[in-house]
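Dear colleague,

I am passing on the structure we spoke about, and my notes on it follow directly below. Please read them with the coordinates open.

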Amino acid sequence: MKRFRFSDTAGLFGAIILVFIIFSCLQPNMLTLFNIKNIFVQVSITAIAAAGMTFAMTAGVFDLSIGSIQALLSVVIARIGLQFGLAAGITAAFAVAVFCGIINGVIVVNLKIQAFAATLVTMIVIRGIAILLAHGKEIPIYNMNSIKFFSSGTILGIPVPIIIMILVYAVSFIVYEYTEFGMYMRSVGSNLRASTVSGINTGKYLIFAFVCTAVGTVFSTVIMTSQIMFGKGTVGEDFAMDVITTVVLGGTVLTGGKGNLFGTMAASLLIAVIKNGLNISGVNTYYQQLVIGIVFIAALVLNNGKNLQIFGEKTERRR
């Protein structure tokens, strides 16, 4: 099974440099250190969740419910945090995220429902629970000063969101490339039936895939909640689409079996640079969504080419 090659992401990094140069010529403010830091802070929320989604899509599934999970976790952090402290709020968020991931996995594995349909349903249910817990309102956490560390704090001059993102990707890359867990995830996504025959507990790894996406969403939600300073059941409505777009653009194959964490990170950064450049240029939000939609279509076209190539390789092997 082909391992990671940096050349797989060279095109994305080239696109980042090109887009940055173009916007810098149009808007010199792009070149300021403050703005560059701001881009990396902005990208952290989507990029961290996308790392978890890369594991899931490598295993051949994806999770449409992570936006709703983000909303639920923001409400949990706000409610539990205000009553018992920030540590308790974050701990409760991890527990809720793991539970949501297990539920998604069990529905797919045990009830034999496709991931798209299963997570579409849980997306609606979890969103409803989040809104009910928040009573349809914002839960302000302005008195929870300690949470601000996750949005505005720095360590050795580096913003905390960037440090969290780097750590998440470092751990994810090691697990994905150099552990049995990562190898089995790729195996399950490459050929579910063959993996089952070879003795791999495929159901367990598919459930783990959903847990990975949910746990990644916890880190993203803590950063996001510390920025907006409230919990709300309606946040994250476009989050799943942003994350899936990022993972697909990064080169993770839709048919499973091959993921690219560095590609996911590069795609996150590319989209963040585009959004930042459009914001500085004063482009309307609706037009920004149009641009991201075009990027997503381009990603699907490129990814479809990879899927056809890999499908051809699999067919050749069978012959």
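The buried residues of helix H8 (residues 180–190) are Gly 182, Met 185, Arg 186, Ser 187, Val 188 and Gly 189, where buried means under 20% relative accessible area, exposed over 50%, and partly exposed in between, with a 1.4 Å probe and protein chains only. These residues pack against H2, helix H7 (160–178), helix H9 (192–197) and H10; helices (H or I, at least four residues) and strands (E, at least two) are DSSP runs numbered from the N terminus, and contact means heavy atoms within 4.5 Å.

Please bear in mind that this is a predicted model, in which local features need pLDDT of at least 70 and side-chain atom pairs count only at pLDDT 80 or more, while totals for chains, interfaces and linings use all residues. Residues are numbered from 1 along each chain as its sequence is written, and side-chain values use heavy atoms, with hydrogens and water left out.

Leaving aside neighbours within four places in sequence, Phe 150 is in contact with Leu 86, Ile 90, Val 160, Pro 161, Ile 164, Val 222, Ile 223 and Ser 226.

Thr 217 lies in helix H10 (residues 202–228) and is buried, with a relative accessible area of 0%; beyond its neighbours within four places in sequence, Thr 217 is in contact with Ala 49, Ile 66, Ile 69, Gln 70, Leu 73 and Phe 239. Leu 12, in helix H1 (residues 10–26), is also buried, at 12% relative accessible area, and, not counting residues up to four places away in sequence, touches Leu 249, Gly 250, Gly 263, Ala 266, Ala 267 and Leu 270.

A search of the whole structure finds two salt bridges, each defined as a side-chain nitrogen of Lys or Arg within 4 Å of a carboxyl oxygen of Asp or Glu. In one of them Lys 232 pairs with Glu 138, the closest N and O atoms being 3.6 Å apart; this pair links distant parts of the chain, 94 residues apart, with Lys 232 in the loop between strand S4 (230–231) and helix H11 (239–249) and Glu 138 in the loop between helix H5 (115–133) and strand S1 (139–140). Lys 232 is partly exposed, at 25% relative accessible area, and Glu 138 is partly exposed, at 39%. The side chains of Lys 275 and Asp 242 also meet in a salt bridge (4.0 Å, N to O), linking helix H12 (residues 261–280) to helix H11 across 33 residues of chain. Here Lys 275 is partly exposed, at 26%, whereas Asp 242 counts as buried, at 19%.

As for disulfides, taken as pairs of cysteine sulfur atoms within 2.5 Å, the count comes to zero. The sulfur of Cys 100 is too far for a bond because the closest cysteine sulfur, in Cys 212, is 15 Å away. Cys 100 is buried, with a relative accessible area of 7%, whereas Cys 25 is exposed, at 64%.
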